[in-house]
Amino acid sequence: MNEALKSFKKYFDLREVVRQAVYVRYGQQAWQFFDPRLLAVVVWVREGTGWSLVCNNWTKGGKFDERGFRDNLSPLVLTKTLKGILYASAHERGMAIDLSSPDATAEQIRQWIRDNIDECPFPIRLEKRESAPTWCHIDVCNMSDKKLVEFAV
């Protein structure tokens, strides 16, 4: 098991980062869908802040089930596909995660990342507050020469 995955598993159960259908179909093999760089970045945030982080919460009766890996049948992806809308999200490639925390607001998470970006293990992108008001979207699709790129959709 790679180190990023081993560290990530200290804080997250697989069911917290995939939909139920993915978990039922692939079980623990669904870890294969995640980019190890993303896992390392999430661990860096979790260990650096000490804050609990929440991705999906469907196992606890919550409403979140598409904030981690998104498969081709996930409602958000399928709706766009059926409408003929091109959708190539980093979530579908295991390169993005949406997080919230009972210990901090989404903006506090983003600000901590901005303040500590030099220590981040990989270049990342953050979705800005205007398009992600209650969650912190982090992805490893940063192809620029900057350590941090912020964007809005």
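Author: The strands β2 (124-127) and β3 (136-139) each supply at least two residues to the lining of the largest pocket. Helices (H or I, at least four residues) and strands (E, at least two) are DSSP runs, numbered from the N terminus. On a 1 Å grid over the protein atoms alone, a pocket is an open set of points where a 1.4 Å probe fits, with protein on both sides within 12 Å along at least five of seven lines; lining residues have an atom within 4 Å of a point.

Reader: What should I know about the source of the numbers?

Author: This is a predicted model, in which local features need pLDDT of at least 70 and side-chain atom pairs count only at pLDDT 80 or more, while totals for chains, interfaces and linings use all residues. Residues are numbered from 1 along each chain as its sequence is written, and side-chain values use heavy atoms, with hydrogens and water left out.

Reader: Which residues lie nearest the centre of the largest pocket?

Author: They are R70, Y87, H91, D98 and E127, out of 21 lining residues. The space in this pocket is about 440 Å³, a volume being the space filled by probe spheres set on grid points joined across faces, edges and corners.

Reader: And what is the lining made of, by class?

Author: It has 8 nonpolar, 4 polar and 9 charged residues. Here Ala, Val, Leu, Ile, Met, Phe, Trp, Tyr, Cys and Pro count as nonpolar, Asp, Glu, Lys and Arg as charged, and the others, Gly among them, as polar.

Reader: Turning to the cysteines, how many disulfides are there?

Author: The count is 0 disulfides, a disulfide being a pair of cysteine sulfur atoms within 2.5 Å.

Reader: Is C141 buried or exposed?

Author: C141 is buried, at 16% relative accessibility. Buried means under 20% relative accessible area, exposed over 50%, and partly exposed in between (1.4 Å probe, protein chains only). C136 is buried too, at 0%.

Reader: Which residues touch the most other members of the largest nonpolar core?

Author: Among its 39 residues, these are F8, V17, F34, I97, I113, I124 and I138. Such a core is a set of buried Ala, Val, Leu, Ile, Met, Phe, Trp, Tyr and Cys residues joined through side-chain atoms within 4.5 Å. Helix α3 (36-49) is among the elements that each supply at least two residues of this core, and α3 gives the most, with 7.

Reader: What does F8 touch?

Author: Leaving out residues up to four places away in sequence, F8 touches V17, W31, L39, V42, V43 and I97. Contact means heavy atoms within 4.5 Å.

Reader: Now α5. What do its buried residues pack against?

Author: They pack against α3, β2 and β3. The buried residues of α5 are A106, E107, I109, R110, W112 and I113. By contrast, Q111 in the helix α5 is partly exposed, at 34% relative accessibility.

Reader: Which residues does A106 touch?

Author: Beyond residues up to four places away in sequence, A106 touches P133, T134, W135 and C136. The C-alpha atoms of A106 and W135 are separated by 5.0 Å, although these residues are 29 apart along the chain.

Reader: And where is A132?

Author: A132 is in the loop between β2 and β3 and is buried, with a relative accessible area of 0%. With residues up to four places away set aside, A132 touches R110 and E127.
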